[in-house]
Amino acid sequence: MAPAPKYSHQKQLEMILDAAEECIKTSSVMDFTMAKVARTAGLSMGSVYKHVQSKEDIILALAHSSFLHVSKIFDQVLALPITTPEKVLAISLIAPRKLQYFVFDNDLLSYAVNEAVISRASNIWTEKMIVANNACEQSFKLALTEGINSGELIGELNLSHAIEEIILGSWAMCVGYDQVQRVKQIKQIGEGTDSLMDPLIESDPIIRSSIRFLNSYPWQKPLTEESVKALIHTLTDINLR
């Protein structure tokens, strides 16, 4: 009879990803090696290949962990007893440091959505990312659907179109703003004095723009200066600011 494995399947995966995190911290998202990950984890290459077959698999596995962390926080916000437009705006008001899972999250995301990385990764990890993304999207769709069906929107609207527009528009604004800020703060990033991890204030251009966008829909209770201030207090109280 073969001896029982020293570590469980799940424990081995955790060891591999912990080791990959350490290796990336000392190099970069693309400069680490599978051999270094195996040595750092204290596992054989054979054991590592049972879980990940390439560096691309490791990138997607780490991105999957980070995405699950962010999705959990989003679900927490979507469950708050606040209006639907407040839930959507709240996502932009969460402090970036609260969403951060790895210190290299931004680089990780850039590579995780890269066509070359996705095409070289194994099906199991690409499928895990697809499933996680779909689950997150469904959470937003459910929250918006429940809000709209409860009468928060006034007038006749195409429900599916409104939901699609709000999700895509809000997400695009957030992602685009982050990229613009990174370009504008290149010098500060190099000096370590950037403000990318600071929570946005209510007067920030992206928050003002998001309010205008959301209020373009006929909500019974549109976003106001007072409601945004209350929203910030709510997020602070649950330690997301």
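Visitor: How many salt bridges does the structure hold?

Guide: Side chains of opposite charge can pair when their charged atoms come close. The structure holds seven salt bridges, a term that requires a side-chain nitrogen of Lys or Arg within 4 Å of a carboxyl oxygen of Asp or Glu. Please keep in mind that this is a predicted model, in which local features need pLDDT of at least 70 and side-chain atom pairs count only at pLDDT 80 or more, while totals for chains, interfaces and linings use all residues. Residues are numbered from 1 along each chain as its sequence is written, and side-chain values use heavy atoms, with hydrogens and water left out.

Visitor: How many aromatic pairs does a search of the whole structure find?

Guide: A pair of aromatic rings is described by the distance of the centres and the angle of the planes. The search finds five aromatic pairs, where rings of Phe, Tyr and Trp (its six-membered ring) pair if their centres lie within 6.5 Å, and planes under 30 degrees apart count as stacked, over 60 as edge-to-face and the rest as tilted. Among them, Phe74 and Trp171 are edge-to-face, with 6.1 Å centre to centre and 90° between the planes. This pair links distant parts of the chain, since Phe74 is in helix 4 (residues 55-78) and Trp171 in helix 10 (residues 159-184), 97 residues apart.

Visitor: What does the secondary structure of the chain come to?

Guide: The chain has 13 helices and zero strands, both taken as DSSP runs numbered from the N terminus (helices H or I, at least four residues; strands E, at least two).

Visitor: How much area do domain 1 and domain 2 bury between them?

Guide: The size of an interface is often given as the accessible area lost when the parts come together. An automatic or database domain assignment gives domain 1 (1-51) and domain 2 (65-236). They bury about 670 Å² between them, 82% of it on carbon and sulfur atoms, counted with a 1.4 Å probe and summed over both parts. Glu21, Val29 and Met30 supply 56% of the area that domain 1 buries against domain 2, more than any other three residues. Across this interface the rule finds zero salt bridges.

Notes: Buried area is the accessible area (1.4 Å probe) that two parts lose on being put together, summed over both.
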